[in-house]
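User: Please take a close look at the interface between the two chains. I would like one connected account of what meets there.

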Amino acid sequence: MSAGHDDHGSGGLDLTLHIWRQESSEAQGRFETYPLHDVSPDMSFLEMLDVLNEQLVREGREPVEFDHDCREGICGSCGVMINGQAHGPDRETATCQLHMRRFKSGETIFIEPFRARAFPVLRDLVVDRSAFDRIMSKGGFVSVNTGAARDANSILIPKENADLAMDAAACIGCGACVAACPNAAAMLFVGAKISHLGLLPQGRPERSRRVLAMVAQMDAEGFGNCGNIYECEAACPKAISVENIARLNRDYLIASATERPPTASGGGA
Amino acid sequence: MQTTSKSPSDLFTRATTSRLDSKCPTGPMAERWDKHRFELKLVNPANKRKFHALVVGSGLAGASAAASLAELGYQVSVFSIHDSPRRAHSIAAQGGINAAKNYPNDGDSVRRLFYDTVKGGDFRARESNVHRLAQVSNAIIDQCVAQGVPFAREYGGLLDNRSFGGAQVSRTFYARGQTGQQLLLGAYQSLMRQVGLGKVTLHARHEMLDLVVVDGVARGIVTRDVVSGEIESHAGDAVLLCTGGYGNVFYLSTNAKKSNVTAAWRAHKRGALFANPCFTQIHPTCIPVSGSHQSKLTLMSESLRNDGRVWVPAKKGDSRSADQIPESERDYYLERRYPSFGNLVPRDIASRAAKQMVDDGRGVGGNGMSVFLDFRDAIQREGADKIRERYGNLFQMYERITADDPYRIPMRIYPAVHYTMGGLWVDYNLESTVPGLFVLGEANFSDHGANRLGASALMQGLADGYFVIPYTIGAHFAGRKLPKVSTDHEAFREAEAAVRARVGKLLATDGRRTVDQFHRQLGLVMWDHCGMGRNESGLLAALDKIRGLREEFHADVRVLGENESVNMSLENAGRVADYFELAELMVIDALHRRESCGGHFREEYQTEEGEARRDDENFCYVAAWEHAASGSGSGGAPRWSLHSEPLTFEEVKLTQRSYK
């Protein structure tokens, strides 16, 4: 018995790919064109890129670099612009979960990295999203040391709140919201964390400090502000709602009026 | 050149004196961990900041350990191959995490969780370790809730539980089908808090490529910055490997693409013994392979077996669609063969049963390589909305990949490589045979024996990181002399040079075949001969194939580009080179263990009903393999010597597992 090699031979797609190639952050990038033949409609988008890369290496050309890992739509590593849309044409679908049956033979596909000042390109389709981690390090947590917790069922949380918190916590941190936003705003990402923790009693004590510190870092990283276009929600593979931006704005407004801003050494400590 | 090995016993030597001291405490089982904690040396608060722990990996084990150690006041550095610690593969765990809270009042207890885990592991785990795991399980849930992990709740605001395989109680806590994600984000957030406070230094996009041992103690690592290619040394007072399992040796698995054995393998070659490498878990419910382009397999959570019923047509070669097959012509084979556990038998048993159905010609789907997982009855009983609430994201993922709607058509599933119970040998303190090298989570071998129960990987990763290592690492810091070591030490220079040489050689080979081509070939050999069913002649054939392929790899691999840039085929090439060596050891381990237990099914050793037949007389031990300096084998191939750690069962009686 083997892992199976029953190709769906018929119905392969012939595609023309225009892919962004860039040697390093400093280098000038450009599109390069690659024809690709007989692509199985059952392949995922990333498997299609795998096939291209195998072909390139056999021809002695350097493969296209792209971030990816779980290929199940949960790790948030992958993400490219496909014909101008972050993660491509399917709603609630990360690039790795997009399948080639979505495309027609003869189609031309433009593939680019996520573009934002705060996400510099490292190579080809790989970008640096460490700005998200720095925002999280300023306040995206509940300050509870290991061992200091009380019994889990001593905190009652209405199911509705737990469900709303979970909706927000489902964010995978891929950065599609930033890439889709005309202002390269990170407010859906930050709003999701503010909502997740702010909706739960565990997150309440630090609610004000958290929002001030995270927003300060968000601004320092060079992300823009929300312009109510809602492209972020449309591009989000987890359908994180723009409601979360409203919660972020509300919490920020209240906190700005009532709290002193955190010092440079960080909030939430 | 390669040699044809005639007898398994020629493949390794037996160590004359065992190096293994498990350091398990004695006395009544329920008091052992308390007693041990009391006896462990403490590091006084003012001295903690003098000790520096290097944590490799940022999944549940790594992130929880790093955060907890930093909270205690130790200096901590974290290394992750990902762009962010939050990407680690723990994120993909779906179903849940076990704990002995007994909130449902259905008969659970620490003792029952302990018992189920020892039995589920087919009596190849240490009782003391497993008991500790069960004991700390409740504190994990408390900790996660305090961090804001949004576990599923009931209308009254209390936590909800579900059932999982191998247990008759509902002890699994979950956050929709994204439990791993939420637990990892909890640990990641605690880690990022310490990064923000300056207590943890984070090195993202760094891959550990060697371990540095100074005067017999692990004192550092060599990493490669996967963006700039820079080879760097990092010195510290302890190294924690939290680098996950090695399932990707099979190429196709449910593991993420970057999951790899390299850090653990480098440590193995620096003296850490590798235990039970042949104990791999094949998960029963995965989406079947669809074609030769397949790059990985996708798991469908075991929790689906709560409501889904597994079946195949009763007749061979029945090619009708599922809805055309009447009830009387369906074989719900798990319910038939295991009436008391039904669809919730442990993973190894469910996987093997699916393989038997397919081998018997009763598989379904185009190539007959799958079985049905059917929700028809659950949807009729509870309504589609209830099922959507429980498994909506899984159903959606299934439909995306297969283009079939599981609300209408039964899922088609087949087993796939998922988890590795084997790993670096550790004692009760989670310390390997290299002093100062600790191994946590899936990377160690310790708690799951020959088969892991569902929802126990998350439990073990967090137990090790939150509640074990913060105590046991103190014994190392307080109990050993740790003179200051700098990265100028010759051991660092030697390790750096070795890493540079390996990287340089891969780039210079300039062969004709891609890294993936070799990896796929290796994977097929492993799946065919060292997968769900194993036998002596197949394993011996695999050994020759692996050795031959490895030589071809080193002579004919093509890695383009340079070291000084993002170069993922170079990263991959190094990992695949290590898989070739690991694969050989897995096969040798599988050959030497002439019994069937858990996920290790030797076809020669089965009961009349086709169940695994253990041999407690001869194999009730942990097999820990020591790597001899290369050159002692033919053509420079590595050779191993076997150390065995006998297992004793004082609390759970050694019996043949029965889930009937």
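Analyst: Across the interface of chain A and chain B, 47 residue pairs are in polar contact, both residues at pLDDT 80 or more; a polar contact is a pair of N or O atoms within 3.5 Å, where within protein one must be able to donate a hydrogen and the other to accept it, and residues adjacent in sequence count only if both atoms are side-chain atoms. This is a predicted model, in which local features need pLDDT of at least 70 and side-chain atom pairs count only at pLDDT 80 or more, while totals for chains, interfaces and linings use all residues. Residues are numbered from 1 along each chain as its sequence is written, chains are lettered from A in the order in which they are written, and side-chain values use heavy atoms, with hydrogens and water left out.

On the side of chain A that touches chain B, the elements giving two or more residues are H1, strand E6 (121-123), strand E7 (126-127), helix H2 (130-139), helix H3 (159-169) and helix H5 (187-198). Helices (H or I, at least four residues) and strands (E, at least two) are DSSP runs, numbered from the N terminus. H3(A) gives the most to this side, with eight residues.

Seven salt bridges are counted between chain A and chain B, each a side-chain nitrogen of Lys or Arg within 4 Å of a carboxyl oxygen of Asp or Glu. Lys296(B) forms one with Glu72(A), their closest N and O atoms being 2.7 Å apart.

The contact (heavy atoms within 4.5 Å) takes 88 residues from chain A and 88 residues from chain B.
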